Amino acid sequence: MTQPVLEVTNLSTHFPTRRGVIKAVDEVSFTVGQREIVGLVGESGSGKSITGFSVLGLVDPPGRVVSGSIRFQGEELTQLPQKAMRAIRGKRIAMIFQDPMMTLNPVLSIGTQMVEAVLAHDRVSRTEARNRARDALGMVGIPSPEERLDAYPHQFSGGMRQRVAIAIALLHRPDLIIADEPTTALDVTIQSQILYEIKRLAQEFSMALVWISHDLGVVAALADRVLVMYAGRIVEAGPVEDVLSQPAHPYTLGLMQAIPSAVPRGEPLRPIPGMAPSPLARPSGCSFRDRCQRATEICSAEPRLDILADREWRCFHPNEGRAA
Amino acid sequence: MMGTPLIEAKNVSRRFSRKLDYAEKIARAFGANLSEKTVHAVDEVNLAVHSGEVVGLVGESGCGKSTLGRVMAGIMPASGGEVRWKGRELAGLKGPDKRQARLAAQMIFQDPMSTLNPRKRVIDIIGEAPLVHGLVTRPALRDYVADLAQRVGLDPSYLDRYPHQFSGGQRQRIGIARALAVKPELIVCDESVAALDVSIQAQILNLFMDLRKEFGLTYLFISHDLGVVKHICDRVVVMYLGRIVETGTPDELFSNPKHPYTRALIRELPSISDRRRDFTPVKGEIPSPLHPPSGCHFHPRCPHAFARCQQERPLLQETGPGQASACHLNDEPSPAARTGTFSTVS
C-alpha cells in the first residue's frame, strides 16, 4: 500500500476539569489511505468529534492533545507551531461542520468569505480568487453561482448552506476533508443530494475523507472503511461490508440491533442496556463491560487490540466471523 | 372504518401571516405593490385517528407536520376547517367538556430541555397539572408522581432534582411522565426521539409501546425518520408542503408507495442492510411554503410531472385497501409511468 494520507497513532486528547481528567480521546490509532472514505461512528460523547478536532489542531483549551502522533502525508502535526499548522488547515486539510452557520459569517457575503479563504493561502488577484470561488460553487451544484456570490448566508436554505461550506472546503483542493456530521441536520432528500455530491467530488479530486456520523446507515452508504468509537476508544475497525455484516465487537452489534429496522415491525426494539458511562467514571478494563452481555471476569482487564487481516477490535469475546 | 374517530381533522388549514409594518403600509399607500405574506402551513387536511391507533405523520422540514400536530392536540387553533374530538367539534366545546377534551390530548416535544422549566423540581414539573386539575390531592401527590416516574423508568428517588441533572433520555422520560400525569387518551409526539442516540431512542420507543398497552393510548407520532415510523405505526401519513400526499399501512406504503414523493423518501433512506454505492437523489430544493408551486406542490421536483400537475391540485383518492395518494398519475390510463423504474435526475 502507498503511504497513507493520515496516520494517527496512540492519540490521546484530555480535558482537565475540577472533578478529574476527561479522557475524550484515549489512545486512538487509525489510518486514512489515499482516496479512502473512512466513516467514524459513535454515540454522543464517544469522542468522535474531538478526534476530528485533534487532527486539525482545533481542540479548545483547557483540552489538549497529551500524547500520540498525527502524521499527515508523513509530516508530524502534533509538534507543529501554530503558524505552520495554519498553513495546512484549510489548504491541505479542510473541515466541514454539522452547522454551516458555524463556518459562515452571517454579516459577510458568500463571495467575500470565499475570496478571503482563497487569499489566505494563495497569492492571486482578487478577480482570480473570485473566479475560483464561483467555480467552486458551481461544482457543488449551486445554480447561478456568479449571482449567488453576492448573497448572504441567511439567503440560503440549510442544504444550500451546507453546499457552500463544502465549496469552501474544496477551494484549495485539499488532500483530506474531515466532515463532522455534515448531513445530520438536513432532510432525507437533501442529505441524499449532498452524499451524492461529496462522493462524486471525492473521486474527482482524489480526496480522502473522514466522515464523522452517528448514523450507521449514512456511513454504510458512503464509506469504504468504518471506525466505531465508544468512550474515547476505537473498539472496532474494518471494511464497511465486513463490519456491518459480521460485527466483531458487541457494541457495534448493539448499535446495529438498536435500529428499528433490525427487528420485525411492532416487536420491541433491542436497545443496548444501560447508558454510556460518564467520562469521569469509566469502568476499568473494557469500558463497555457494564452494558455487555458477553462480559466475563476477564473483561475487567484492558482488552488489547486484535488484528485479523484488515479488521481490528478491542474485545475479549469477539463474534469472530460468526453472524449475529 | 370503525365508528367515530377519537380525533378527526376536517379540512383543517392553518395559515400564518405577517402583518405589514408601518413603513410598508406607507409604501403601499404610495402605490407600492405590497401585500401580507401568508404561509399555508397546513392546507385543507383531512385526518382521522381512531382510538388505540398509532398514526405516523412524516415529511421533511416545513411540510406542516408539527403544525398539524399542534392543531390536533388543541394547543393551536385552526384557521379553517374543524377538529372533532369524539365526534364533537373541539372549538364548540364549553366548560367541563372543553377542559376534559383538552386534558385528554397531550403533547411530547423533541427537545425536553426547552419544554421543562429549569427552575422547577421534577416532582413539580410532573405534578403541577394533575394538582391544578384536581386529579390528585396535595398529600397524595408524591406517591402519584413516584408511581408515574416508576412507570416511565425514572428512579423515584430523583424526584427532587432539577431537569439539568438528568441525561437527554431521562429528560425525555420526564416529559412523558408529565404528559401521562393528566390521564390522556391521545398523545401527540413531535419528533420525540429525534435528538436521542440510537440506543436511547430504542429504549424510549419501547417505552411508548409499553405505555400504549398499559394505558390504552392513541398516538399521533410525528417524525422525519421513516425507519422509526415504519416500526411503530399502524398507519402512515406522508405530508409535503402542507398537504397529505399519501397515506397507508406501513406494509403497503413502504413496499408499494404510490406517490413519487413517498417513493423518493423511501429510496433515499440510508440503511445498513441495503448498501448502495451510488445515490440517485430527487432533484431540487424543498420549495418555500411562502410561494408554493401551483397545482401539485411536488411537480417541480417530480420526474413524472405533466401539464395537468402544474394546474390542478390532485386530491387524495383511494389506490388500494387502506391506501390513498394525491397524484394525477392515479388517473392515467397506462400504469407504465407508475410501475416503471423511477427515472433518475441529478
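Mentor: Helix axes are lines fitted to C-alpha atoms, and angles between them run from 0 to 180 degrees between N-to-C directions. The model discussed here is predicted. In chain B, α5(B) and α7(B) pack with their axes 7 Å apart, at an angle of about 25 degrees.

Trainee: What makes α5(B) roughly parallel to α7(B)?

Mentor: Angles under 35 degrees count as roughly parallel. The angle here is about 25 degrees, and therefore α5(B) is called roughly parallel to α7(B). Their crossing is right-handed.

Trainee: Which residues meet where α5(B) and α7(B) pack?

Mentor: From α5(B) come V122(B), I125(B) and I126(B), and they meet I174(B), A177(B) and R178(B) of α7(B). By class, this contact has five nonpolar residues, one charged residue and no polar residues.

Trainee: How do you know how α7(B) is oriented to α8(B)?

Mentor: Helix α7 (residues 168–180) of chain B and helix α8 (residues 198–215) of chain B have axes that come within 10 Å and cross at roughly 20 degrees. The cut-off for roughly parallel is under 35 degrees, so α7(B) is roughly parallel to α8(B). α7(B) passes α8(B) in a right-handed crossing.

Trainee: Which residues make the contact of α7(B) with α8(B)?

Mentor: On the α7(B) side they are G169(B), Q172(B), R173(B), I176(B) and L180(B). On the α8(B) side they are I200(B), Q203(B), I204(B), L207(B), F208(B), L211(B) and F215(B). The residues of this contact divide into eight nonpolar, three polar and one charged.

Trainee: Which residues of α5(B) and α6(B) meet?

Mentor: I123(B), I126(B), G127(B), P130(B) and L131(B) of α5(B) meet R138(B), L141(B), R142(B), Y144(B), V145(B) and L148(B) of α6(B). By class, eight residues of this contact are nonpolar, one is polar and two are charged.

Trainee: Is the peptide bond from P61(A) to P62(A) cis or trans?

Mentor: Most peptide bonds are trans. The bond from P61(A) to P62(A) is cis, with omega near 10 degrees. P62(A) lies in the loop between α1 (48–55) and β4 (64–72) of chain A.

Trainee: How much space lies in the second largest pocket, and where is the pocket lined?

Mentor: The second largest pocket holds about 690 Å³ of space. Of the 23 residues that line this pocket, R89(A), G90(A), A117(A), H121(A) and I168(A) are the closest to its centre. Two or more lining residues each come from α2 (82–88), β6 (93–96), α3 (100–103), α4 (110–119) and α7 (158–170) of chain A.

Trainee: How do the residues of that lining divide?

Mentor: They divide into 14 nonpolar, six polar and three charged.

Note on methods
Residues are numbered from 1 along each chain as its sequence is written. Chains are lettered from A and ligands numbered from 1 in the order in which they are written. This is a predicted model: local features need pLDDT of at least 70, side-chain atom pairs count only at pLDDT 80 or more; totals for chains, interfaces and linings use all residues. Side-chain values use heavy atoms; hydrogens and water are left out. On a 1 Å grid over the protein atoms alone, a cavity is a set of points where a 1.4 Å probe fits but cannot get out, and a pocket is an open set with protein on both sides within 12 Å along at least five of seven lines; lining residues have an atom within 4 Å of a point. Grid points are joined across faces, edges and corners, and a volume is the space filled by probe spheres set on the points. Helices (H or I, at least four residues) and strands (E, at least two) are DSSP runs, numbered from the N terminus. Ala, Val, Leu, Ile, Met, Phe, Trp, Tyr, Cys and Pro count as nonpolar, Asp, Glu, Lys and Arg as charged, and the others, Gly among them, as polar. Angles under 35 degrees count as roughly parallel, over 145 as roughly antiparallel, 65 to 115 as roughly perpendicular and the rest as oblique. A crossing is left-handed if the near helix is turned anticlockwise from the far one by less than a right angle, and right-handed if clockwise. Contact means heavy atoms within 4.5 Å.
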